[in-house]
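Thanks for making time this morning.

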Amino acid sequence: MQLAHVITSVIEPTVLKQDYRDAMARLGAAVNVITTDGPQGRAGFTATAVCSVTDEPPTLLVCLNRSASVYPVFKANGTLCVNTLSSEHRALSTLFGGKTTMEERFIAAQWHTLVTGSPALDGAAVSFDCRISAVNTVGTHDVLLCEVVAIERRENAGGLIYFNRVYHDLCNEPAEA
Ligand SMILES: NC(=O)C1=CN([C@@H]2O[C@H](COP(=O)(O)OP(=O)(O)OC[C@H]3O[C@@H](n4cnc5c(N)ncnc54)[C@H](O)[C@@H]3O)[C@@H](O)[C@H]2O)C=CC1
Ligand SMILES: Cc1cc2nc3c(=O)[nH]c(=O)nc-3n(C[C@H](O)[C@H](O)[C@H](O)COP(=O)(O)O)c2cc1C
């Protein structure tokens with residue numbers, strides 16, 4: 001039997017950043033493009049650090065690195081839209097993943113608005129339009145707690161999953177019995 005590679009941190013927090021990232025790469029996650037528009041202008045970035053917090057009031061969280069170019073825009077606007085990508089949006093994830101201008105990011109797709117004015121992606125698997133209700137700072141990131149004010153769902157959309165540093169399509173068809 002093959003022994004697992006065990007990385008321990010019993011007394012001191014000795015887990016290295018790279019070991020942590022290598023471990024986190026094993027957690028498959030939905031891919032989202034988070035957008036905002038408001039007094040500070042339009043911005044968007046790719047995020048996998050998104051999860052549900054509570055359904056009363058409907059709230060999700062988004063972790064945003066404070067060193068990202070988009071950070072001040074999201075902080076100032078106070079609203080955002082979480083656009084969960086479907087399988088045909090792989091290229092969009094790369095564009096919004098950094099090192100491109102906002103113009104290049106947004107010109108690559110069609111957008112509309114729901115309630116807050118943040119761009120909602122045409123054809124997204126689901127879009128959650130939100131106002132940022134609280135912010136907690138943890139290390140390099142801000143945890144944005146986002147109260148959902150509108151939802152738009154696309155039935156039968158396939159999913160896009162990021163697992164082991166590679167994108168995977170998730171087909172949305174019932175499994176055979
Ligand atoms: N939560 C985040 O801020 C994430 C950032 N990224 C960024 O995207 C780029 C490409 O990432 P990968 O190809 O997946 O390789 P990677 O080795 O940088 O990341 C592997 C995994 O570690 C986690 N991770 C990466 N950077 C992190 C950070 N700064 N804080 C907390 N968790 C982090 C994520 O779960 C990611 O899937 C990198 O620049 C990475 O920093 C990617 C995923 C999540
Ligand atoms: C697959 C993927 C997932 C990412 N997830 C996150 C995330 O959850 N939080 C985050 O702050 N950055 C995340 N990033 C990095 C941001 O998308 C990137 O820093 C952002 O686009 C800002 O880049 P810029 O500073 O070049 O504008 C992710 C990148 C990729 C490719």
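Predicted model: local features only at pLDDT ≥ 70, side-chain atom pairs only at ≥ 80, totals over all residues.

**From a loop to the ligands**

Let me start with S69, which sits in the loop between β5 and α2 (71–77); helices here are DSSP runs of H or I of at least four residues, strands are runs of E of at least two, and both are numbered from the N terminus. Residues are numbered from 1 along each chain as its sequence is written, chains are lettered from A and ligands numbered from 1 in the order in which they are written, and side-chain values use heavy atoms, with hydrogens and water left out.

S69 counts as exposed because its relative accessibility is 58%, where exposed means over 50% relative accessible area, buried under 20%, and partly exposed in between, with a 1.4 Å probe and protein chains only. Its C-alpha atom is separated by 32 Å from that of E56, 13 residues away along the chain.

S69 is also one of the closest of the 18 residues that surround ligand 2, together with T46, N65, F96 and K99; a surrounding residue has a heavy atom within 4 Å of the molecule. As for polar contacts with the ligand (pairs of N or O atoms within 3.5 Å), an oxygen atom of ligand 2 lies 2.8 Å from a polar backbone atom of T46, and an oxygen atom of ligand 2 is likewise 2.8 Å from a polar backbone atom of N65. With R105, an N or O atom in the side chain is 2.9 Å from an oxygen atom of ligand 2.

What is the distance from a polar side-chain atom of H141 to an oxygen atom of ligand 1? It is 2.7 Å, while the side chains of Y162 and R165 each place an N or O atom 2.8 Å from an oxygen atom of ligand 1.Finally, of the residues lining the largest pocket, R21, T48, A49, N65 and H141 lie nearest its centre, a pocket being, on a 1 Å grid over the protein atoms alone, an open set of points where a 1.4 Å probe fits, with protein on both sides within 12 Å along at least five of seven lines, and lining residues having an atom within 4 Å of a point.

Key. Polar contact = N/O pair within 3.5 Å; in protein donor to acceptor, adjacent residues only side chain to side chain.
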